[in-house]
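Please look through the structure below before reading on. The points that follow are meant for someone opening it for the first time.

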Amino acid sequence: MTEPSIVPIPPGLQAAGTRSAPFLPVASLAELPSGALLRVTHGDLDVLIAHTERGLVAVDDRCPHMSAPLSVGALDGCVVACPLHSGRFDLASGETVQFPTTGGLDPEGGYHPTWAPPGSDKKPEPTDLKARARALTRVRRMRYYPLRLRDGRVELAFPED
Ligand code: FES
């Protein structure tokens, strides 16, 4: 079996504290067929390893919107869909492909209105406290972990204390 590629970490999005951190084995390559989404846990940190069409990549297993586990989402090419509010995120670039239905702020602070998939009701625009909280929730930038392959195992570098 040919080893998959490793997706380069987008500029500026490498997790703090991982630059000189040691690599630790976290999974077997056999657990990560093409299209797989796998959660691995290290201490209180949950990391998603995805086998995208561009190769393997490791990011927080927390949606950059409201922290839902992306490992139970769906992967299409390099784009992972969050199970909670239909947000879609490109794991190769770190960019938001589809803003969450709840609306809110993008990483630069720009406001996005609520929207609804065909056949469902649109979420309310901010009028009450809950809607206002949604509108002020910022989709953060994704955070990436260095990943390498050694002897059929996937290794990650986690932040050092
Ligand atoms: S928590 Fe993922 S889109 Fe809202």
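1. Terms of burial come first. A residue is buried when its relative accessible area is under 20%, exposed when that area is over 50%, and partly exposed in between, with a 1.4 Å probe and protein chains only. Cys 78 is buried, at 6% relative accessible area. Cys 63 is buried too, at 5%.

2. A word on the source. This is a predicted model, where local features need pLDDT of at least 70, side-chain atom pairs count only at pLDDT 80 or more, and totals for chains, interfaces and linings use all residues. Residues are numbered from 1 along each chain as its sequence is written, and side-chain values use heavy atoms, with hydrogens and water left out.

3. Now strand 4. Helices (H or I, at least four residues) and strands (E, at least two) are DSSP runs, numbered from the N terminus. Strand 4 covers residues 55–60. Six of its six residues are buried, so the rest of the structure largely encloses the strand.

4. Strand 3 and strand 4 make a hairpin, with two residues between them. Within this pair, Leu 48 stands opposite Val 59 of strand 4.

5. The cores deserve a look. A nonpolar core is a set of buried Ala, Val, Leu, Ile, Met, Phe, Trp, Tyr and Cys residues joined through side-chain atoms within 4.5 Å. The largest one has 20 residues. Val 57, Val 59, Leu 70, Phe 89, Leu 91 and Met 142 have the most contacts inside it. Strand 3 and strand 4 are the elements that give two or more residues to this core. Another core lies apart from it, with 18 residues, among them Ile 49, Ala 58, Leu 147 and Leu 156.

6. Contact means heavy atoms within 4.5 Å. Leaving aside neighbours within four places in sequence, Phe 89 is in contact with residues including Cys 63, Cys 78, Thr 96, Val 139 and Met 142. Thr 96 is also the bridge partner of Phe 89 in strand 8.

7. That pair belongs to strands 7 and 8. Strand 7, residues 88–90, is joined to strand 8 by two bridges, and they run antiparallel. An open sheet of four strands has the order 5-6-7-8, with antiparallel pairing. Strand 5 (74–76) and strand 8 (96–98) stand at its edges. Each has a single partner strand, so one side of each is left without a neighbour in the sheet.

8. How many salt bridges does a search of the whole structure find? Five. The rule is a side-chain nitrogen of Lys or Arg within 4 Å of a carboxyl oxygen of Asp or Glu.

9. Arg 143 and Asp 60 form one of them, with the closest N and O atoms 2.8 Å apart. The pair links distant parts of the chain, 83 residues apart. Arg 143 sits in the loop between helix 1 (129–136) and strand 11 (147–150), and Asp 60 sits in strand 4. Arg 143 is partly exposed at 38%, whereas Asp 60 is buried at 10%.

10. Glu 108 and Arg 141 meet in another, at 2.9 Å, N to O. They lie 33 residues apart. Glu 108 is exposed at 59%; Arg 141 is partly exposed at 48%.

11. The bridge between Arg 39 and Asp 46 spans 3.5 Å, N to O. Both are partly exposed, Arg 39 at 40% and Asp 46 at 22%.

12. Finally, Pro 69. This residue is in the loop between strand 4 and strand 5. Pro 69 is partly exposed, at 29% relative accessibility. Not counting residues up to four places away in sequence, Pro 69 touches Arg 39, Asp 61 and Pro 83.

Notes:
Two strands pair if DSSP finds at least two bridges between them.
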